[in-house]
Amino acid sequence: MPRILLVEDNEMNRDMLSRRLERRGFTILIAVDGAQGVAMARAEAPELILLDMSLPVLDGWEAARQLKADPRTQGIPIIALTAHAMAGDREKALEAGCDDYDTKPIELPRLLEKIGALLPKPAS
Amino acid sequence: MSLRAAAPDAQRAKQAFLSHVRHELRTPVNAVLGYSELMLEEHPGAGFRDELSRIQAAGREVVERIGLLLDASDVEALDAARVSAILRRVRRGLRAPTAAVIGGTRRLLEQGERLPEGVREDLAKVLAAAGRLAALLADLVSLARAAAVQVDSLLPDARYGPLVEAAAAAAGEPRDSARSTPRPARDEDAPKRDA
């Protein structure tokens, strides 16, 4: 069962998205700020990270940079999530090291497609 | 006072201001849409699905209008008059679909014990998120002040914050009914690209 680390400071968005993903069979780990997200990624080595970009303590861009600079976590795919949806946001997230980008409000089928594309394929 | 003279910083200020307002408004709508979709997924045969679908449709309308009303390409410059006009259009354009979300959610909550387990709690979250959105629309001065802080942090020497705040204060004057509760939809509230 793939484990996804959800880094999100908004309680309602965290609760809602984690429940929807759990219904699809994922195990969800939770972090509420960027620093906690980096620490949990190092400790838990999830298969994928969903990273909100507007986070307290350490923002998503800096968290992504730290995760991709660390040999322990640089192989974990990161999908950036943001409600900004500004021109250039996607490029900014990819420059920070994120592997993909999605906007809020979350369209779950679209997000699931991105998650599926980035999760490690099971050995046949 | 105009920001035109400060270009190209004016472009960045405009982007930062609109981006922050958009982010603040979309965050509660994300919860409205997410929880309504979650309840539809968890209770496929429930009798409240029609009302929930209407709530969801109203939430999607809010998102669509935010995109139209805060489209940066539609804004030439971030002068005080323009900021004030944007804020007024946002309030007028979002009030009706926000009221529809709140009204629909309250109607569902009136079913009380007849609702499946857990649904009342999720509806309460939808109501709280929609209430947050309504509060933002009712207090545009605070919303714009927060956006001005973002602009100031991006361009600390530009002093755009006071301008944005002044425009927001103008948009929040009593004659504009800034603190009234959401009212029913009116055709002229719909956002128009050529407005």
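Angles under 35 degrees count as roughly parallel, over 145 as roughly antiparallel, 65 to 115 as roughly perpendicular and the rest as oblique. Everything here comes from a predicted model, where local features need pLDDT of at least 70 and side-chain atom pairs need 80 or more, while totals for chains, interfaces and linings use all residues. Residues are numbered from 1 along each chain as its sequence is written, chains are lettered from A and ligands numbered from 1 in the order written, and side-chain values use heavy atoms, with hydrogens and water left out.

**View 1. Helices H2 and H3 of chain B, side by side.** The helices are DSSP runs (H or I, at least four residues; strands are E, at least two), numbered from the N terminus. Helix H2 (residues 49–69) and helix H3 (residues 80–109) of chain B bring their axes within 9 Å, crossing at roughly 170°. Those axes are lines fitted to C-alpha atoms, for helices over the stretch in contact, and the angles run from 0 to 180 degrees between N-to-C directions. H2(B) and H3(B) are therefore roughly antiparallel to each other. Sort the residues of the H2(B)–H3(B) contact by type and you get 13 nonpolar, five polar and five charged. For that sorting, Ala, Val, Leu, Ile, Met, Phe, Trp, Tyr, Cys and Pro are nonpolar, Asp, Glu, Lys and Arg are charged, and the others, Gly among them, are polar.

**View 2. Two loop residues of chain B.** Leu70(B) sits in the loop between H2 and H3 of chain B. At 1% relative accessibility, Leu70(B) is buried (buried is under 20% relative accessible area, exposed over 50%, partly exposed in between, with a 1.4 Å probe and protein chains only). Leaving out residues up to four places away in sequence, Leu70(B) touches Leu18(B), Val21(B), Arg22(B), Leu25(B), Ile86(B) and Val90(B); contact means heavy atoms within 4.5 Å. His43(B) belongs to the loop between helix H1 (9–42) and H2 of chain B, and it too is buried, at 17% relative accessible area.

**View 3. Chain B as a whole.** Chain B has six helices and zero strands. Of its 195 residues, 53% count as buried. Among contacts in chain B between residues at least 6 apart in sequence, 80% join residues at least 24 apart.

**View 4. Helices H2 and H3 of chain A.** The axes of helix H2 (residues 34–44) and helix H3 (residues 60–69) of chain A come within 9 Å and cross at roughly 20°, making H2(A) roughly parallel to H3(A). H2(A) contributes Gly34(A), Val38(A), Ala41(A) and Arg42(A) to the contact, and H3(A) contributes Ala63(A), Gln66(A) and Leu67(A). By type, the residues of this contact are four nonpolar, two polar and one charged.

View 5. H3(A) buries Gly60(A), Trp61(A), Ala63(A), Ala64(A) and Leu67(A). Down the axis of H3(A), these fall within an arc of 160°, so they line one face of the helix; the arc is that of the directions from the helix axis to the C-beta atoms. Their cover includes H2, strand S3 (48–52), strand S4 (78–82) and helix H4 (89–95) of chain A. On helix H5 (residues 108–118) of chain A, the buried residues are Leu108(A), Leu111(A), Lys114(A) and Ile115(A). Down the axis of H5(A), they fall within an arc of 125°, so they line one face. Turned away from that buried side, H5(A) carries the exposed Pro109(A), Glu113(A) and Ala117(A).
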